[in-house]
Amino acid sequence: MENYDKAKAARVWQRVQGAATANPTQGLPGMIAEEWGDASVYLALSRRVQGPAANILRQMSQDEQTHMACLKGMYTLQGQGRPDIPTPPAVDNAPVGLLLRRCYGREMRCLAQYEARASDPEYGQVFARMANQEREHCRQILELLGRLPPEK
């Protein structure tokens with residue numbers, strides 16, 4: 001690392017940290033859309049599996065719908081009205097394991113966004129609660145993946 005520029009690195013980290021402490025309502029429409037998409041995928045998957053896995057996925061869908069409602073509430077409290085969110089695309093017919101792996105990545109992104117906003121004075125507690133639920137969703141996805149029969 002002979003060409004390491006400490007000043008440039010400091011500027012990059014300052015931008016990264018600044019993004020984490022930016023207005024918590026910035027990007028809410030995208031976050032709402034992401035939660036709606038996850039809720040749709042979990043509900044569709046709950047119809048494709050049986051037993052306890054179906055119940056877990058239904059509950060995860062309900063959690064994501066609750067997150068979506070909270071984010072919409074934040075958006076509304078900011079005087080921005082109701083966000084215009086496009087309907088999520090239909091859930092494809094990919095194998096359950098593949099869809100769960102995709103969901104895991106989205107859950108990790110949402111978790112990072114919520115953790116970055118957990119110190120917000122107005123909505124921090126809500127973001128912290130949603131972060132905890134996203135963390136649990138990650139655990140549940142791993143459990144579901146571990147219990148799936150081998151894919152053909």
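Me: Which element supplies the largest share of the lining of the largest pocket?

Reply: This is a predicted model, and that applies to everything that follows. The largest pocket holds about 220 Å³ of space, and its lining is made up of 13 residues, with G37, V41, P89, V91 and R106 lying nearest the centre. At least two lining residues come from each of α2 and α4. The largest share, 5 residues, is supplied by α2.

Me: What is the distance between the end C-alpha atoms of helix α2, and what span should its residues give?

Reply: Helix α2 runs over residues 28–46, which is 19 residues. At 1.5 Å a residue these should span 27 Å, and the calculated distance between the end C-alpha atoms agrees with that expectation, being 27 Å.

Me: Which helices are included in what covers the buried residues of α2?

Reply: The buried residues of α2 include M31, E35, D38, Y42 and L45. An α-helix has 3.6 residues a turn, so residues three or four places apart point the same way. The cover over the buried residues of α2 includes α3, which spans 52–80, together with α4 and α5.

Me: Is R106 buried or exposed?

Reply: R106 has its place in helix α4, and R106 is also among the residues that lie nearest the centre of the largest pocket. Once neighbours within four places in sequence are left aside, R106 is in contact with E34, D38 and V41. Its relative accessible area is 18%, and since the cut-off for burial is under 20%, R106 counts as buried.

Me: How far apart in space are C110 and E134, C-alpha to C-alpha?

Reply: C110 is found in helix α4, and with a relative accessibility of 1% it counts as buried. Not counting residues up to four places away in sequence, C110 touches E34, E35 and E134. Although C110 and E134 are 24 residues apart in sequence, their C-alpha atoms are separated in space by 7.1 Å.

Me: Which residue follows α3 with a positive phi?

Reply: The 29 residues of α3 should span 42 Å at 1.5 Å a residue, and the end C-alpha atoms are 40 Å apart, which agrees. After α3 comes a residue whose phi is positive, near 75°, and that residue is G81.

Me: What percentage of the contacts in the protein chain with a separation of 6 or more is accounted for by residues 24 or more positions apart?

Reply: The secondary structure of the protein chain comes to 5 helices and 0 strands, and along the sequence it reads α-α-α-α-α. Buried residues make up 37% of the 152 residues. Among contacts with a separation of 6 or more, the part that joins residues 24 or more positions apart is 77%.

Note on methods:
Residues are numbered from 1 along each chain as its sequence is written. This is a predicted model: local features need pLDDT of at least 70, side-chain atom pairs count only at pLDDT 80 or more; totals for chains, interfaces and linings use all residues. Side-chain values use heavy atoms; hydrogens and water are left out. Helices (H or I, at least four residues) and strands (E, at least two) are DSSP runs, numbered from the N terminus. Buried means under 20% relative accessible area, exposed over 50%, partly exposed in between (1.4 Å probe, protein chains only). Contact means heavy atoms within 4.5 Å. The expected span of a helix is 1.5 Å times one less than its number of residues. On a 1 Å grid over the protein atoms alone, a cavity is a set of points where a 1.4 Å probe fits but cannot get out, and a pocket is an open set with protein on both sides within 12 Å along at least five of seven lines; lining residues have an atom within 4 Å of a point. Grid points are joined across faces, edges and corners, and a volume is the space filled by probe spheres set on the points.
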